[in-house]
Amino acid sequence: MPRKTRSPRNPRWLIYGANGYTGELIAREAVQRGLKPELAGRRRESIEPLARELGLNARIFGLDDAAELARQLEGCALVMHCAGPFSATARPMMDACLQAGAHYLDITGEIAVFELAQSLDARARAAGVVLCPGVGFDVVPTDCIAAVLKERLPDATHLALGFDSRGGASPGTAKTGAEGLSAGGKVRRDGKLVSVPLAHAVRRIDFGDGEKTAMTIPWGDVSTAFHTTGISNIEVFVPAPPQVVAGARYSNYLRPWFALPWVQQMLKAGVDLAVQGPDERTRARLPTFVWGEARNARGQTVTARIRTANVYSVTVTGAVAVIEHLMNHAPAGGAYTPARLVGADLVTRLPGSGPMQVEGPR
């Protein structure tokens, strides 16, 4: 039977995928805060130089050998998993964490990964292991807003969330987006995840920086916000000018093509050539505006808004905040969302976040 994890004074923990854009940023932030993770991944040529620079231990291993993966995690209290696409990497790492008794965190925004974690809740409880995917921008700010709205309007039946972000994507995010083109949209309807066309709903929203046309996207909150709040109907929106809405709707006709392996390979090769992720200066000057609206059967509505740092800055500081929380607390094992694990005020405690502004009945 797996051992139950506790929070030792100086736990051994690791960042897997530390050579990636976001993994490296998290490693650097952790070291700045006095933490000493081990850096791990497949690529020795990039992991070991970063580990030497930061004065950390390096471990080189892949995820395809379950026995070796479990052996590498022996004695490890926590894994911060940063190696996507998480559709391929989350399951083996979660299984290994459950076997080793190590808490599992990641920075995914993929709906299937959030649902996977929830399906493993009983195993996680028995092992005393926390499974909490999505501890970055996906989905910390929106998950916290969802929890605040549920508290303000307990009988809410509908929840809309969204964000207005600026700046480019990282390579990992861009590749995940390429994979998602073939899947179409997703919403939560009557408690169930339902497939819908891309941009199936369009409305005007003030995310906090003026009213804009916005469209639905298949964001992770259609999974996580349901598990945080129990609200049965959930949609997620981002700003989109009319030409972007038209393009998204046209792409619905091309979805079978996007699923072809050679098309995926071509799209991801293009990402490798063209996408690097925003630099520090770009991140510093581009804030993000996050919004949510809850509605009950009587038509009462509550809205909430918060301005945060850039999405990647939030991912870095959010991930490290959850790591520190687990190092200082010993929650019961199970599948969590960020707001359920740390609290609805998590986003307001991150650098660059303003206060949460909530409007509506008390």
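**Exercise 1. Aromatic pairs**

How many aromatic pairs does the rule give? Describe the one formed by Tyr16 and Phe61.

*Solution.* The count comes to 5 aromatic pairs. The rule takes rings of Phe, Tyr and Trp (its six-membered ring) with centres within 6.5 Å; planes under 30 degrees apart are stacked, over 60 edge-to-face, and the rest tilted. Tyr16 and Phe61 make a tilted pair, at 5.2 Å centre to centre and 45 degrees between the planes. Now place the two residues. Tyr16 is in strand E1 (residues 13-16), and Phe61 is in the loop between strand E3 (58-60) and helix H3 (66-72), so the pair ties together parts 45 residues apart in sequence. Helices (H or I, at least four residues) and strands (E, at least two) are DSSP runs, numbered from the N terminus. Both Tyr16 and Phe61 are buried. Buried means under 20% relative accessible area, exposed over 50%, partly exposed in between (1.4 Å probe, protein chains only).

A note on the source: this is a predicted model, in which local features need pLDDT of at least 70, side-chain atom pairs count only at pLDDT 80 or more, and totals for chains, interfaces and linings use all residues. Residues are numbered from 1 along each chain as its sequence is written, and side-chain values use heavy atoms, with hydrogens and water left out.

**Exercise 2. A ring cluster**

Are Phe137 and Phe163 buried or exposed? What kind of aromatic pair do they form?

*Solution.* Start with accessibility. Phe137 is buried, with a relative accessible area of 4%. Phe163 is buried too, at 6% relative accessibility. Next, the geometry. Phe137 and Phe163 form an edge-to-face pair: 5.2 Å centre to centre, with 80 degrees between the planes. The pair links distant parts of the chain, 26 residues apart. Phe137 sits in the loop between strand E6 (130-132) and helix H7 (140-152), Phe163 in strand E7 (residues 156-164). Finally, ring pairs link Phe137, Phe163 and Trp219 into a cluster.

**Exercise 3. The open sheet**

In what order do the 7 strands of the open sheet lie? Which strands stand at the edges?

*Solution.* The order is E3-E2-E1-E4-E5-E6-E15, with parallel pairing. E3 and strand E15 (334-335) stand at the edges; each has a single partner strand, so one side of each lacks a neighbour in the sheet. Two strands pair if DSSP finds at least two bridges between them. Now count bridges. Strand E2 (residues 38-41) and E3 pair over 3 bridges, and Leu39 has Ala58 in E3 as its bridge partner. E1 and E2 also pair over 3 bridges. Here Ile15 stands opposite Leu39 in E2. E1 is joined to E4 by 4 bridges, and Trp13 has Leu78 in E4 as its bridge partner.

Look at the side chains of E1. Trp13 and Ile15 point one way, Leu14 and Tyr16 the other, and all are buried.
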